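Subject: Structure handover

Hello,

Here is the structure I promised to pass on. Please open it beside this email and follow along.

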Amino acid sequence: MLKVENVTKYYGDIKAVDDLSFTIEPGEIFGLLGVNGAGKTTTFRMIMGLLEPNKGSITINDKKIDYKLVEKIGFLTEERSLLTKLTVKEQVIYYGTLKGMKEKDILNKLDYWLDRFGVSDYKERKIKELSKGNQQKIQFITAIIHEPDLLVLDEPFTGLDPINVESFMSVIREFKQKGKMIIFSSHRMEHVELFCEKLVILKKGRAVLSGNLKDIKKNYQKKIIRIAGDVNIDNLKNTKGVIDVIKENLEIVVKIESDKFIENVFEVVKKSSNITKFIVEDASLNEIFLNTVGEAYEK
C-alpha cells in the first residue's frame, strides 16, 4: 500500500502541497487531478523520492521510500525524458539497468513490448527519428520494463491517437489485474472516468475533493437529463430547477439542480411529441471538476 500522510511541501515561501493525504491499495488505479500549478507534479516527485516533504510522510508498505524501493516504481513523466541520440534499444537498456535488471532480461521484455505496441521495426532507430507518439510508447516501455509495483503516470496519453490510447489503457488494466498500484493524472476527464476508482482533486496544493469516484458522482447533487424528441427548449429553460439547456446533435441536454427536479422536466417533456429518449445521468467528472476548482483543466 502507498500511504501519503499529511504531506506538506514548500518552495521557499510558496506552499506547493498542503496537508495532503491519500492511500492506494494493490490492484487500484488512483486519479490525481488539478489545474496547472495545483501540486500534482510535486506530489509525484515526492512519491518518487526526488523531493522530501517538509512535513508528513510517504511510505510503501509502511517503509520510507529509499533507493531499493525506487527500483520498484515506474514513472512516466509529462515532459519526455528520453535521450534522443540513443537508439530505442540503448535507451531501454539504460533505464532497465538503472532498475537493477540484467541486459538479457531487458532485451527479452523489450522485444515483447515493441511488438505489443507495433514498433518492432524501430528497435535500432534513434529516439530523435521517431514521431511524438512513438516516443511516448518508448517512454511508457521504460516505465514498465521492470514490472514495477507502483506505476506513476503523469499525462500518459500525450501525443497518442485513440487507438494507441486504448492500447495503453489495456496495459494499465493488466497491471491492475496483477495487483500493481497505479497513480494517474490526465487532463482528459473521460480517461479518468474510464478506469480510476478513487481520486483526489487538488486546488493550490490542497485536496478539495476526494474519495471513490462512484460515490463522488452519486453524491454530487446536480444531474443531467438527456432527451431526444421535439421539445420546446424555451419551456425547458423556464422550468423550475433547470440550470441550463444545451442542444447537442440529436439530443437535448438538460442540467438540473438536483434529482428532485426530474419530475418538473418530465412534465414538460410528456407534453411534447416524438420523444424517444429520457435518461437521467450523474454529472460528468469534467463538470464536477469545473464546479470544484472553478476553472477548466487546460494544457
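Which residues of the largest nonpolar core touch the most other members? They are I138, F140, I141 and F157, out of 50 residues in that core. A nonpolar core here is a set of buried Ala, Val, Leu, Ile, Met, Phe, Trp, Tyr and Cys residues joined through side-chain atoms within 4.5 Å. Buried means under 20% relative accessible area, exposed over 50%, and partly exposed in between (1.4 Å probe, protein chains only).

Two notes before you read on. This is a predicted model: local features need pLDDT of at least 70, side-chain atom pairs count only at pLDDT 80 or more, and totals for chains, interfaces and linings use all residues. Residues are numbered from 1 along each chain as its sequence is written, and side-chain values use heavy atoms, with hydrogens and water left out.

**The cores**

Helices (H or I, at least four residues) and strands (E, at least two) are DSSP runs, numbered from the N terminus. Now look at I138. Leaving aside neighbours within four places in sequence, I138 is in contact (heavy atoms within 4.5 Å) with L82, V88, V92, L114, V119, I127 and L130. Another core lies apart from the largest one. This other core has 27 residues, among them F22, M48, V200 and L202.

**Helix 1**

Helix 1 (residues 40-47) is largely enclosed by the rest of the structure, because 6 of its 8 residues are buried. Those are K40, T42, T43, F44, M46 and I47. Just after helix 1, G49 takes a positive phi of about 80°.

Two strands pair if DSSP finds at least two bridges between them. Strand 1 (residues 2-11) runs antiparallel to strand 4 (residues 55-60), with 5 bridges. V4 has I58 as its bridge partner in strand 4. Strand 1 also pairs with strand 2 (residues 14-24), antiparallel, over 7 bridges. There, Y11 stands opposite I14. Their hairpin has 2 residues between the strands, and G12 takes a positive phi near 65°.

An open sheet of 4 strands has the order 12-13-11-14, with antiparallel pairing. Its edge strands, each pairing on one side only, are strand 12 (242-248) and strand 14 (273-282). Strand 11 (residues 223-230) and strand 13 (residues 251-256) share 5 bridges. I224 has K255 as its bridge partner in strand 13.

Best wishes
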